[in-house]
Amino acid sequence: MSSYEIYSHPDVLLYDHLKRVGDFCYCLISEKDIDFSYDKHKLCYIMKIIGYTHDIGKANKYFQDYLKQEIRSGKSNILPKLRTHSFLSALVTYLQIKDIDEKLALIGYIIVKSHHGSLKNFNDEYLSENELNDVKKNLKEQINNLPESQVNDILNKLELKSVDSNMLIDLIDTINKLTDNIIDLLEDNSDFESYIIYKLLFSALIFADKEDAIFHNNKSLIYDIPNDLVKQYRTKHFKLENKKLNVLRNELFEEVLDSIHNSNLKIMSLTAPTGTGKTLTAIAAALELRSKLNKNMSIIYSLPFTSIIDQNYEVYYKVLSDMLGCDKVSSDKILKHHHFSEFKYENEFNNYDCHQSKFLIESWNSEIVVTTFIQLFNTLFSNQNRFLVRYQKLVNSIIILDEVQSIPYKYWLVIREYFKSLSKHLNLYFIFVTATQPLIFSSDEIFELVPNKKNYFSFFHR
């Protein structure tokens, strides 16, 4: 068997899959404005290694036989514990990174080991003596059936180090001891940096892996919604009649857009009474911010209730279709996502099947995403694979949280600290929209986009 006879998926060579995923992982991180204590070039290179090695364990004979049997008859008699590939791949990943950075090597190891399931806590990775013995026994069986020369041929073509399969068994004890030490280090950590890196790298891998398995290429978004779209819509439809409420709404709209250019913080608030047109003003503010920053940025608009989401989605869809034309408003421009959403994704070029649509919707593959607090906070805090596939989407995005006062008080502290870290490390912008702004942030941590808000509240005598 040569390296050109080893497959990752039916009719897909393992080398080709690893090369595409690794290159895509590198691009996902390199094109984003991230800010960590680690050098960005170092993180990008490590992300590429993770992509290049995440499935290398599929070269073992048990997996190759399993794949052939599945293709031939749709079933296999190979035991799941023998055909599994993640643990073996994770060891190779660790071996490639350990001389660059030991902590990142452990993170890469756990990411690869977990990439077909949910992300685990570091302390869940520590193995007891009995667990270690069971793992070693199974791994020895896999290594004895690993075509080492073909594996090294693949690694060499990917410009990675060759591996001695006998070394992999000894690595398990090393990694187990290191895991114990890292747990103590993380418990002493005073910020969210390690947590964010951990989830970002995991998200980049599973996103790139799934996209390659489904499409065999990168479905890049085109960011071309005009930044003055809402302005144009208001000019076309809202006549400036001399009615006090219309004048008030227009003043608020202009004041918020002016304030966007005065803001020097990444966490902002838009505080105004109900009835002042906050729905359109909020999305206009996000588009204006995108124009100010001159970057390709997704806008994630979130609300606490599905009933309001349907209503506000229709408002935004109407603005887009009116100004761009119905034939131009497809899922890659605006997307509605909550647990009742239909798995239907389409653009002007393709109608995707249910499996493809599910991936594109759950990964928020759109310029504007209208979603629930539940979906947003699951993305931010959950360890589950299906939520974390879009965590990488948060980088360089603008998140609007409407009716933010509905967030329970007990979560305010963690939200305050986590959002500050996200805004710093992932270049993430937040706009909190409400009529009753909760005191989650101190006045020097959040920028108010409506400096004259008292004038608007006094108008309604509320």
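Helices here are DSSP runs of H or I with at least four residues, strands are DSSP runs of E with at least two, and both are numbered from the N terminus. The model you are looking at is predicted, so local features need pLDDT of at least 70 and side-chain atom pairs count only at pLDDT 80 or more, while totals for chains, interfaces and linings use all residues. Residues are numbered from 1 along each chain as its sequence is written, and side-chain values use heavy atoms, with hydrogens and water left out.

Let us start with two spots in the backbone. Most residues other than glycine have a negative phi, and most peptide bonds are trans. E159 is not a glycine, yet its phi is positive, at about 60°. You will find E159 in the loop between α8 (148–157) and α9. N427 is another non-glycine residue with a positive phi, near 50°, and it sits in the loop between α18 (412–425) and β8 (429–434).

Are these two residues buried or exposed? Buried means under 20% relative accessible area, exposed means over 50%, and partly exposed lies in between, using a 1.4 Å probe and protein chains only. E159 is exposed, with a relative accessible area of 70%, whereas N427 counts as buried at 8%.

Now let us look inside. Rolling a probe the size of a water molecule over the atoms shows where empty space is left. On a 1 Å grid over the protein atoms alone, a cavity is a set of points where a 1.4 Å probe fits but cannot get out, and its lining residues have an atom within 4 Å of a point. Grid points are joined across faces, edges and corners, and a volume is the space filled by probe spheres set on the points. The structure holds two cavities of 30 Å³ or more.

The largest cavity has about 60 Å³ of space. Its lining is made of F87, Y109, E125, L127, L132, I172, I175, N176 and T179. Helix α9 (residues 165–187) gives the most, with four residues. For sorting the lining, Ala, Val, Leu, Ile, Met, Phe, Trp, Tyr, Cys and Pro count as nonpolar, Asp, Glu, Lys and Arg as charged, and the others, Gly among them, as polar. By that scheme, this lining has six nonpolar, two polar and one charged.

What lines the second largest cavity? With about 50 Å³ of space, this cavity is lined by L229, V230, I283, L287, Y316, V319, L320 and I368. These divide into eight nonpolar, no polar and no charged. Helices α11 (229–237), α13 (278–293) and α14 (306–324) each supply at least two residues, and the largest share, three residues, comes from α14.

Methods. 1 Å grid on protein atoms, 1.4 Å probe; cavity = no way out; pocket = protein on both sides within 12 Å on 5 of 7 lines; lining within 4 Å.
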